Structures are given as C-alpha cells and as structure tokens.
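This briefing covers sheets, helices, backbone angles, aromatic pairs and salt bridges. Please read it alongside the sequence and the coordinates.

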Amino acid sequence: MKIRAVESWKESMPLSRPYAIAGREMTTGVDLFFLRLVAEDGTQGLGCASPAEDITGESPESCASALEPDRLDLEGRDVRSLGTLCRGLEGMHATPAARAAADMALHDLFARNLGVSVVDLLGRCHRVLPTSITIGIKSVEESRAEGREYVGRGFRCLKVKLGNSVEEDLERLHALREDLGADIRIRVDANQGYG
C-alpha cells in the first residue's frame, strides 16, 4: 500500500488554565505539529509532535521544517516496508519530536492497513491502562481544589508536578492525599526540579 499524500500542519492548543512546572509557566497554550499520511485507498495514518527546545533542543521551527512533506520523502513509498521506512527516520537526530510524529503516522497507517490497532500491532500486554491528569505547580489550596475537580470528573489517577520547594511539595502531596483518600493514585513528577 503506497503513500500517495503527506500533509503536515501546526495547531495551537489553548490551555484550560495556566500550567506551571519547575522552571517555567505556560499561560497561552502549546503548539502541536501533526503529520497525516494518506494511502492509495484513502486510509490515513496520523502522528503528532510536541517540540520542547529546553529538553530536546528542537525548536518549533525546526520541527515544522523536518515535517515538510518534501523533506520526509515518504510519498510513493510502500507502508508495508515499515521497518525500512522507520530506519530512514534515524537521521532526524536534531528533531526527535518530528521523528516521533513520523514514526507514529507510519505505524498508524501500517496498522490500519492490517485492520488492527497500533497497540495490538505492537503486542498489547494490558487490557486497560489508567491515564492521569496533571496538576501543575501551584499553592496547596489551588492543588486541593484542582484535585477535587478532577476526581469529580472521574479521574482516579493524578500526576502532580513538583520541583520548586521540597517542603511546599510535601505539603501539597499530604493535603491531596488527605482530601482524596487512598483509592486515588497520585504520581509525582519533579521534571528537572530540585536541580
């Protein structure tokens, strides 16, 4: 099944509230970069990139450039050569998010061609996997309110960003545990904090 079209674009995603991690706060939203591969029969595979210059060295501009259809050289290629196509992405060292988006789109298209999900293609080992929603770095009271909101919306697993102050972070975690009880999972992510 040959790839007849390659399309990439950027979407600006607004945040529902400001989001702080160790070292920075995001208030306006994030730019995500998408890649769509279309096969001869119209089947589509999608991938998404979220470049983070301070983590991977990849700027939004370099990500967008790496995902330009002409640079990817996937049009006319057969997705059934998945391994070869993925190895062809190995040269994208400077743009790991773009490489991940291309890898995702190729795997998605290949799996759809076989009529299976990507997780089954890769050898599913879990039937369910709980997702979490993240509470950024904020005050104890704001964290408590956000935790109660998320549990009220049905989340049973929260990820809490840490990293500015051990004492404040411990206070926030104890308060969340007190409010939410033992049945709610709490994951922590210091995300380059405590440096």
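The points below are grouped by topic, after a note on the model and its conventions.

This is a predicted model, in which local features need pLDDT of at least 70, side-chain atom pairs count only at pLDDT 80 or more, and totals for chains, interfaces and linings use all residues. Residues are numbered from 1 along each chain as its sequence is written, and side-chain values use heavy atoms, with hydrogens and water left out. Helices (H or I, at least four residues) and strands (E, at least two) are DSSP runs, numbered from the N terminus.

**Antiparallel sheet**

- Strands β1, β4 and β5 form an open sheet of three strands in the order β1-β4-β5, with antiparallel pairing; two strands pair if DSSP finds at least two bridges between them.
- The edges are β1 and β5 (44-49), each with a single partner strand, so one side of each has no neighbour in the sheet.
- From one strand to the next the twist averages 20°; axes are lines fitted to C-alpha atoms, for helices over the stretch in contact, and angles run from 0 to 180 degrees between N-to-C directions.
- β1 and β4 run antiparallel and are joined by ten bridges.
- Valine 6 stands opposite leucine 37 in β4.
- Helix α5 packs on this sheet and touches β1, β4 and β5, with its direction at about 160° to that of β5; contact means heavy atoms within 4.5 Å.

**Helix α5**

- Helix α5 covers residues 96-114, and its 19 residues should span 27 Å at 1.5 Å a residue, which agrees with end C-alpha atoms 27 Å apart. The expected span of a helix is 1.5 Å times one less than its number of residues.
- Among the buried residues of α5 are Ala98, Ala101, Ala105, Leu109 and Phe110; buried means under 20% relative accessible area, exposed over 50%, and partly exposed in between (1.4 Å probe, protein chains only).
- An α-helix has 3.6 residues a turn, so residues three or four places apart point the same way.

**Parallel sheet**

- β6, β7 and β8 form an open sheet of three strands in the order β6-β7-β8, with parallel pairing.
- The edge strands β6 (133-135) and β8 (185-189) each pair on one side only.
- Neighbouring strands of this sheet are turned by 30° against each other on average, direction ignored.
- Five bridges join β7 (residues 157-161) to β8, and the two run parallel.
- Lysine 161 stands opposite aspartate 189 in β8.
- Helix α7 (residues 140-152) packs on the sheet and touches β6 and β7, its direction making about 165° with that of β6.
- Helix α8 (residues 166-180) lies across β6, β7 and β8 and runs at about 160° to β7.

**Positive phi angles**

- Most residues other than glycine have a negative phi.
- Aspartate 73, a residue other than glycine, has a positive phi near 55°. Aspartate 73 is found in the loop between α3 (69-72) and α4 (82-87).
- Glycine 115, which follows α5, has a positive phi near 80°.

**Aromatic pairs**

- The whole structure was searched, and two aromatic pairs were found. Rings of Phe, Tyr and Trp (its six-membered ring) pair if their centres lie within 6.5 Å; planes under 30 degrees apart count as stacked, over 60 as edge-to-face and the rest as tilted.
- Tryptophan 9 and phenylalanine 34 are stacked, 5.5 Å centre to centre with 15° between the planes. Tryptophan 9 lies in β1 (residues 3-13) and phenylalanine 34 in β4 (residues 30-39), so the pair ties together parts 25 residues apart in sequence.
- Tyrosine 150 and phenylalanine 155 pair edge-to-face, 6.2 Å centre to centre with 70° between the planes. Tyrosine 150 is buried at 5% relative accessible area, whereas phenylalanine 155 is partly exposed at 21%.

**Salt bridges**

- There are 16 salt bridges in the structure, each a side-chain nitrogen of Lys or Arg within 4 Å of a carboxyl oxygen of Asp or Glu.
- Glutamate 7 in β1 and arginine 36 in β4 are 29 residues apart, and their side chains meet in a salt bridge (2.9 Å, N to O).
- Aspartate 31 and lysine 10 form a salt bridge (3.8 Å, N to O). Aspartate 31 lies in β4 and lysine 10 in β1, so this pair ties together parts 21 residues apart in sequence.
- Arginine 80, exposed at 56% relative accessible area, forms a salt bridge with aspartate 78 (2.6 Å, N to O).
- A network of salt bridges links Arg17, Lys138, Glu146, Glu149 and Arg153.
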